[in-house]
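Hi everyone, thanks for coming. I have one structure to walk you through today, so let me put it on the screen.

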Amino acid sequence: MIRMFRPLLRGSTYSGALFAYGGALASLPLLPLALLPALSWRSAPEGVQIVLALLVWALLVGVVGLARPVRRALVVSARRLLRVPLPDPVAGRRDSGSPGLDRWRTPLWLVLHAAVGWTGALASGVLFLMGLSLPGNWLDGEAELSLSGTSVRVSGGGWSWVAAAVCIVLAVAVCALVAKALRWSAPRLLGPSAAERLALAAEREQLLAERNRIAHELHDSIGHTLTAATIQAAVAGEVLSVDPAAARAAMRSIEESTRAALEDLDYVLGVLREEQAGTAPTRTLADLPELLDRLRHAGAVVEPELSGELTQIQGTLSRAAYRILQEGLTNALRHGAGGPIEVRVTAGPDRLDLTVVNRTGARTGPGPGPGTFPTSGHGLSGLAERVRLLHGEFQAGPDGARHWRLAVRLPVRVSA
């Protein structure tokens, strides 16, 4: 029994009914305009005049719903009074440009809103008035209410109180039904249209892609810098007493690499805060010699082999190639055994080959050994995803008994 009457006790029921009755009142100024055609056709039967007035009234209400600000106002008010989670309309997109019935959703909602509001207001108003009028004639009296030629008469003592209570309950039930009807139809008529859902999905996809790109940039830049700086600091500490010049060179390399990482970090934080970030730091294959020099300052032995016309690799492909080599060299520093790191870059007319080979096992040189650096495990998967987006080929795994090999092949396009 309590569950049956629980909707009648909710505040959202009465706020929803208020929203419905507000729609009815808002359409009231259009009623005189709707009556003009019916009154001008005096020879028509009364029923035809009523139908004509209702059709013209519905048409006028629907025309109001074509205005873009009307839908935004309806969404905001329905969200607050009906307690329906409706997203804001997509900026710059109108229902009139959507296929099918999407262009008529807002006018249809406005007509339904006004019609349900008027129906609920009349029904609940009559019932409420009956509930107030009947107890006034309880001493052997009788009460009679008439509406459009239909009369309701209740007489006889205590029955008037029972009938009054029933009328009040029915009036509240009408409010609940009106609110429920609008709450059910609001997501279907005021919610995102098919075109807006596609726009929202595209926006979410673009945002996710941007977040993934930022995550890759942070992982590649900051991860490499911290790895190199840790090894360089260890090398500087070991050679500080015997070779101060080498220690100073390692400290200068730490300063240079961390400054470059701070530039990347400032740009990424500006993007995440939706601020006007500066120009994104662009690292390309032209910066590869500087990257190799930082590794040498960290005590690594790097054996580069560059061939082909590297100057023809520009734009996105050049930036991606630099990040791939940076991640491969970072992994070699983290997990390598301290032996020579082979770096091969071959630029052909239709493809770009990148290879990084390093020894595995116990570290033989200065600095932290393998397993010292905590890793997230997303390095190789991030590289594979980056290569896949560029329609390239990716391979990573053991190369013989004591070596690890990373090999990437990227197609070269003129538009890159």
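Where is the place of Leu25? Leu25 sits in helix H2, residues 11-26; helices here are DSSP runs of H or I with at least four residues, strands are runs of E with at least two, and both are numbered from the N terminus.

A word on the source before going on. This is a predicted model, where local features need pLDDT of at least 70 and side-chain atom pairs count only at pLDDT 80 or more, while totals for chains, interfaces and linings use all residues. Residues are numbered from 1 along each chain as its sequence is written, and side-chain values use heavy atoms, with hydrogens and water left out.

Now the overall picture. The protein has twelve helices and seven strands. Of its 416 residues, 38% are buried, where buried means under 20% relative accessible area, exposed over 50%, and partly exposed in between, with a 1.4 Å probe and protein chains only. Contacts, meaning heavy atoms within 4.5 Å, are worth a look too: among those with a separation of 6 or more, 71% join residues 24 or more positions apart.

Back to Leu25, which is exposed, with a relative accessible area of 58%. Together with Leu28, Leu31, Leu35 and Leu39, Leu25 forms a nonpolar patch on the surface, with about 440 Å² of accessible area. Such patches take residues with over 30% relative accessible area and no salt bridge, with nonpolar side chains (Val, Leu, Ile, Met, Phe, Trp, Tyr) joined within 5 Å and like charges within 9 Å. A salt bridge here is a side-chain nitrogen of Lys or Arg within 4 Å of a carboxyl oxygen of Asp or Glu. Helix H3, residues 31-40, supplies the largest share of the patch, three residues.

Let's go inside. The largest nonpolar core has 32 residues, and Leu325, Leu329, Val343, Leu352, Leu354 and Leu410 have the most contacts inside it. A core is a set of buried Ala, Val, Leu, Ile, Met, Phe, Trp, Tyr and Cys residues joined through side-chain atoms within 4.5 Å. Helix H11 (315-335) is one of the elements giving two or more residues to this core, and H11 gives the most, with nine.

Which residues does Leu329 contact, leaving aside neighbours within four places in sequence? They are Leu291, Leu292, Leu295, Ile341, Val343 and Val356.

Finally, helix H10, residues 288-297, has Leu288, Leu291, Leu292, Arg294 and Leu295 buried. They lie on the same side of H10, because they cover an arc of only 155° around the axis, taken from the directions from the helix axis to the C-beta atoms.

Terms used
Accessible areas come from the Shrake-Rupley method with a 1.4 Å probe; for residues, only the protein chains shown count as cover.
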